[in-house]
Amino acid sequence: MNPELSTALQAFIAQQAGAASVEFSELRLLSGGAIQENWLAIARIEGGPLAGTQELVVRADSPTGVSVSHGRAQEFALLRAAFAAGVTVPEPLWLCAEREVIGRPFFVMRRVAGTATGYQLVKDRSLGGDRAELARRLGAELARIHSIRPPRADLDFLPSYAAAPALHLIQQHRAYLDNHHTPHPVLEWGLRWLERHVPPRGELVLCHRDFRTGNYMVDDNGLTAILDWEFAGWSDPLEDLGWFCARCWRFGADALEAGGIGQREDFYQGYESVSGCPIDRAQVAYWEVMAHMNWAIIAIQQAERHLSGEEDSLLLALTGHIVPELEYEILRMTEGT
């Protein structure tokens, strides 16, 4: 336990909770989190409405980050909006947007039990309860996220744009590749394919933009929380459906096209049961190609954080090695079209 970090966080939580004192019995860094750090804090709170033992998670900025990811103040606002919309998320408690407390912005939320490790969830079918029901539940959760629509004063930091969402993403990716020191001809091909098949602009919704196996938690019975909102933004709702179903997020269980845990139709039915809107199944395939493109660009950015010396990380270095696999999938999906 870091004594200085512990003392600073105890004082912050005591002030926010209206408590006489706060003492941690445990404070430790949780595994995972290439973009953010998550600390488990078991807090004994004396006085105030939260008196007693509380299991909390402190989510802080990583020393470096991906340029398109939100900061903690923005992620906290997104989490509050989702919580209010009935999405199954950890309850957001307090935000510290200043750096004076621990040197970085952070927020505190309630701890949720379960596991989020993608490979483990796909391989261990004892997790998550009935898999058909889990797929339907995830579809329903995504529809609740998509019920959040602009304009929203509390989410006014999310960029707005006039172009179709797909074209907006293509323009961002092309600008990044044009300025990158290493050519990626397959990704250039993929961008051109996406541009030639771009769907028109429809009604925008709040998209999680990283809704996948590995970013939700389950226990033995089912879903316990949707996590990691740092990429959320206004977009086409099919972007999230394509991301969840993309082969790159099935963790080797390719026959289970809904996130490696279930069937597409169960996932789709869960979504439609809450949204009341039929899914254009043919268009989901377009957004699966986009998912591989998005992930390839993010993987290049994460590897760059390591290669540039900004952050010495084996995880970031290894992430860069998945780019050829993503390029192969883009070629496979666009062959002959």
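The expected span is 1.5 Å times one less than the number of residues; helices (H or I, at least four residues) and strands (E, at least two) are DSSP runs numbered from the N terminus. The model is predicted, so local features need pLDDT of at least 70 and side-chain atom pairs count only at pLDDT 80 or more, while totals for chains, interfaces and linings use all residues. Residues are numbered from 1 along each chain as its sequence is written, and side-chain values use heavy atoms, with hydrogens and water left out.

Arg72, Glu75, Phe76, Ala77, Leu78, Leu79, Ala81 and Ala82 are the buried residues of helix 2. Buried denotes under 20% relative accessible area, exposed over 50%, and partly exposed the range in between (1.4 Å probe, protein chains only). The cover over these residues includes strand 2 (36–46), strand 3 (52–61), strand 4 (92–96), strand 5 (106–110) and strand 6 (205–207). Just after the helix, Gly86 adopts a positive phi of about 85 degrees. Ala85, in the loop between helix 2 and strand 4, counts as partly exposed because its relative accessibility is 27%. Apart from residues up to four places away in sequence, Ala85 touches Arg144, Ser147 and Ile148, contact being heavy atoms within 4.5 Å.

Five strands make up an open antiparallel sheet in the order 1-2-3-5-4; two strands pair if DSSP finds at least two bridges between them. Strand 1 (21–29) and strand 4 are at the edges with a single partner strand each, so one side of each lacks a neighbour in the sheet. On average, neighbouring strands are turned by 25 degrees against each other, direction ignored. Strands 2 and 3 run antiparallel and are joined by ten bridges, with Leu40 opposite Val57 in strand 3. Helix 2 lies across strands 2, 3, 4 and 5, at about 160 degrees to strand 4. Angles run from 0 to 180 degrees between N-to-C directions of axes fitted to C-alpha atoms, for helices over the stretch in contact.

The largest nonpolar core has 75 residues, and Leu138, Leu206, Tyr216, Ile226, Trp229 and Phe267 have the most contacts inside it. Such a core is a set of buried Ala, Val, Leu, Ile, Met, Phe, Trp, Tyr and Cys residues joined through side-chain atoms within 4.5 Å. Helix 9 (residues 281–307) supplies the largest share of this core, 13 residues. A second, separate core of 23 residues includes Leu9, Ala17, Ala19 and Cys96.
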